[in-house]
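Here is a friendly walk through one protein chain. Take a look at the model first, then read on.

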Amino acid sequence: MATNSVNTNIGAQVALQSLNRTNEALAVTQKRVSTGYRVADAKDDGAAFAVAQSVRADIAGLTSANEQMGSVRGILDTTLAGLNKVSDTMTEIRGVLVKLADGTLSTSQRTQYQAQYDSLRTQVQNFISDATYNGRTLLTTSTAAGGGNIATTRNEQATVYSLTAVEGASTLVVAAAPTDAAGAASALAATGDFQTKMTAVNTALNTFGSNSTYLESQMSYNKEKLDALESGLGSLIDADLAKESAMLQALQIRQQLGTQALGIANQSPQGLLSLFRG
């Protein structure tokens, strides 16, 4: 049986406890609404927050890997552009070599074709030396010239993907113009200088083309993985804002009612005390 007492206001104590619980719940809900997270820090849910931080680290790693591969892809695209021009020019060089292999040419004609050949050869050299991206190139092995092999990270574990540079000046550039028909014919032979250099150009195109295709596929995969990680992270720590907003309104009403209830409960001892004074 409840006891009326001027020393202990049970009603006020109950009302205060209820109001405190409402205020605590309201603080939690307000935090979720303001941050958008169900788990904003370790105090909300230590285990979930630890997992979330690990996932965030993976996301940061994948993002960095894609940024690095994007830069390397720029180098590859520049390299392939240069090689395509080299290949086109080699086609023209072959045509000139066929003419130089003609033993009926006059001295003047041969001189003209040799000059044309040398001009095309210079173009090949220029295409190779100009194939740089941000100071880097894959068409020379000289590190002083910005060349050399390239190792790039492809995932959040920093697994390395390597690209091997070629020494374009020696392996892709044909020799100087032949001085006679026999020299031109020799260059066009299966093991001749032109055929050897043309094979090297085609090999470089195939190799760097495959490298570029791989990097594009890896970057696409990383983006899909990023989407999956971010979706999983959201499911783990994001707040249901519709639910939390409704809860916020309900708790605000409960807080108002609790405050009123506490005020009423606090008036009861005062009313009782006035009776004794009267």
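This is a predicted model: local features need pLDDT of at least 70, side-chain atom pairs count only at pLDDT 80 or more; totals for chains, interfaces and linings use all residues.

## A loop residue to start with

Ala-158 counts as partly exposed, at 44% relative accessibility; that label covers anything between buried, which is under 20% relative accessible area, and exposed, which is over 50%, with a 1.4 Å probe and protein chains only. You'll find Ala-158 in the loop between S1 and S2. Its phi is positive, at about 60 degrees, although Ala-158 is not a glycine.

Residues are numbered from 1 along each chain as its sequence is written, and side-chain values use heavy atoms, leaving out hydrogens and water.

## The chain as a whole

So what is the protein chain built from? Its secondary structure comes to seven helices and two strands. Read from the N terminus on, the order is α-α-α-β-β-α-α-α-α. Both kinds of element are DSSP runs numbered from the N terminus: helices are H or I with at least four residues, and strands are E with at least two.

Now for the dimensions. Along the principal axes, the C-alpha atoms of the protein chain fill a box of roughly 140 × 30 × 25 Å. The radius of gyration of the protein chain is 39 Å, whereas a compact globule of 278 residues would have one near 19 Å. That radius is taken over C-alpha atoms, and the globule rule is 2.2 Å times the number of residues to the power 0.38.

## Surface, contacts and charges

Of the 278 residues in the protein chain, 33% are buried. The accessible surface comes to about 15700 Å², and carbon and sulfur atoms hold 52% of that. These areas come from the Shrake-Rupley method with a 1.4 Å probe; for residues, only the protein chains shown count as cover.

A contact means heavy atoms within 4.5 Å. Among contacts in the protein chain with a separation of 6 or more, 75% are between residues 24 or more positions apart. As for charge, the protein chain has 20 positive and 23 negative charges, and their mean positions are 8 Å apart. Lys and Arg count as positive and Asp and Glu as negative, with His and the chain ends not counted; each charge is placed at NZ of Lys, CZ of Arg, CG of Asp or CD of Glu.

## Two nonpolar cores

A nonpolar core is a set of buried Ala, Val, Leu, Ile, Met, Phe, Trp, Tyr and Cys residues joined through side-chain atoms within 4.5 Å. The largest one here has 37 residues, and the members touching the most others are Ile-93, Leu-97, Tyr-117, Leu-138, Phe-194 and Phe-208. Two or more residues each come from helix H2 (46-100), helix H3 (107-130), strand S2 (160-163), helix H5 (181-188) and helix H6 (193-237). H2 gives the largest share, twelve residues. There is also a second, separate core of eleven residues, with Ala-52, Ile-59, Leu-226 and Leu-229 among them.

Which residues does Ile-93 touch, not counting those up to four places away in sequence? Its partners are Tyr-117, Leu-120, Arg-121, Val-124, Val-174 and Phe-194.

Helix H2 holds Ile-75, which is buried at 5% relative accessible area. Leaving aside residues up to four places away in sequence, Ile-75 touches Tyr-133, Arg-136, Thr-137, Leu-138 and Ile-150. Ser-87 sits in helix H2 too, and with a relative accessible area of 14% Ser-87 is buried. Beyond residues up to four places away in sequence, Ser-87 touches Met-198, Val-201, Asn-202 and Leu-205.

Over in helix H6 is Lys-197. Is Lys-197 buried or exposed? It's buried, with a relative accessible area of 11%. Again not counting residues up to four places away in sequence, Lys-197 touches Met-90, Ser-170, Thr-171, Leu-172, Val-173, Val-174 and Ala-175.

Asn-134 belongs to the loop between H3 and strand S1 (150-153). This residue is exposed, at 72% relative accessible area, and has a positive phi of about 55 degrees although it is not a glycine.

Gly-36 lies in the loop between helix H1 (10-35) and H2. Gly-36 and Leu-226 are 190 residues apart along the chain, with 20 Å between their C-alpha atoms.
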